[in-house]
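Q: Got a structure here that I'd like to go through before setting anything up. Can you walk me through it?

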Amino acid sequence: MAELRLTISGSDDALAVRAERLVIAGYTARDDASVREHIDELARIGVPPPPTVPMFYHLDPGLLTTDEVVDVAGDLTSGEVEPVLVRAGGRWYLGVGSDHTDRDLEREDIGTAKAACPKPLGDVVVPLPDDLAAGAYDTAWDRAHARCEVDDTLYQDGPVAVLRQPSDLLPRLSAELTARGEDPEAGDLVVFTGTLPLVGGEFRAGRSWHLELTLDGGPTVLTHRYDVKQRSS
């Protein structure tokens, strides 16, 4: 379990999150061409295609962090901007995070590569409608825009509308949790919902990462900045 202290946007209200599950959703583009583009990006660094689309990677919630400096073991790691759905106390919130991943390990096993790195998360979230699975936020989701810079160079930039909406993704996740013998409604949950194509289509390792998620055309912008420090062997 991970204990996080977040802030609700537009207020000074604190949100305590006791995350019992961390799920990283991968290959979540809506159309086949975008999914193929991401698979091709990974293939260029030797990563095999996934067995199913989308994929859900169930990781240790202890990987979650709002710290501005994170430690990694490998020398070839990279992040990516993602909308993050947070369920805390039975209510849903939206934040921004980075599925930081070890790209060397990714050639061997994607789940292991994801588990090798912390998962940075911005400490400000916005409340969402209760019934995400019924499409209550889908229209606003499609108006959001995500952007990522690495070492002050543009890395990702585009509409969140390329990703599966919560009404598509969450029922799929609930079905998988049920199949695993878990109650999908139990406990606090953090879901990284997928990412955008890379500018130039090439993964880039870097030291400083800046994430932005602009909601509903603005003015609300969720941001997070973090630096990577390689652990000494």
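This is a predicted model: local features need pLDDT of at least 70, side-chain atom pairs count only at pLDDT 80 or more; totals for chains, interfaces and linings use all residues.

Q: Fine. Which residue in S16 does Trp209 stand opposite?
A: Trp209 stands opposite Tyr226 in S16. S15 and strand S16 (residues 221-230) run antiparallel and are joined by seven bridges.

Q: What is the strand order of the open sheet of five strands?
A: The order is S5-S16-S15-S12-S13, and the pairing is mixed.

Q: Which are the edge strands?
A: Strand S5 (69-72) and S13, each of which pairs on one side only. On average, neighbouring strands of this sheet are turned by 20° against each other, direction ignored.

Q: Back to the rings. How many aromatic pairs does a search of the whole structure find?
A: One. Tyr155 and Trp209 form an edge-to-face pair, with 5.4 Å centre to centre and 75° between the planes. Tyr155 is in strand S13 (residues 153-159) and Trp209 in strand S15 (residues 208-214), so the pair links parts of the chain that are 54 residues apart.

Q: Tyr155, buried or exposed?
A: Tyr155 counts as buried because its relative accessibility is 0%, under the 20% cut-off. Trp209 is also buried, with a relative accessible area of 0%.

Q: And what sits over the ring of Tyr57?
A: The charged end of Lys114, 5.4 Å from the ring centre.

Q: Switching to the core. How many residues has the largest nonpolar core?
A: It has 70 residues, and Leu85, Leu94 and Leu213 are those with the most contacts inside it. Strand S2 (residues 14-26) supplies the largest share, seven residues. As background, nonpolar side chains tend to be buried together in soluble globular proteins.

Q: What does Leu94 touch?
A: Not counting residues up to four places away in sequence, Leu94 touches a list that includes Leu85, Leu213, Tyr137 and Trp141. Val124, Val125 and Val126 are also among them.

Q: What does S7 pair with?
A: S7 pairs with strand S8 (residues 91-98) in the antiparallel sense, over eight bridges. The bridge partner of Glu82 in S8 is Gly97. S7 and S8 form a hairpin with two residues between them, and Gly89 in the turn has a positive phi of about 60°. S7 is also joined to strand S14 (residues 188-192) by four bridges, again antiparallel. There, Val86 stands opposite Val190.

Q: Last one. Where does Thr193 lie?
A: In the loop between S14 and S15. Thr193 is buried, with a relative accessible area of 1%.

Notes:
Residues are numbered from 1 along each chain as its sequence is written. Side-chain values use heavy atoms; hydrogens and water are left out. A nonpolar core is a set of buried Ala, Val, Leu, Ile, Met, Phe, Trp, Tyr and Cys residues joined through side-chain atoms within 4.5 Å. Buried means under 20% relative accessible area, exposed over 50%, partly exposed in between (1.4 Å probe, protein chains only). Contact means heavy atoms within 4.5 Å. Rings of Phe, Tyr and Trp (its six-membered ring) pair if their centres lie within 6.5 Å; planes under 30 degrees apart count as stacked, over 60 as edge-to-face and the rest as tilted. A charge sits over a ring if NZ of Lys or CZ of Arg is within 6 Å of the ring centre and within 35 degrees of the ring normal. Two strands pair if DSSP finds at least two bridges between them. Axes are lines fitted to C-alpha atoms, for helices over the stretch in contact, and angles run from 0 to 180 degrees between N-to-C directions.
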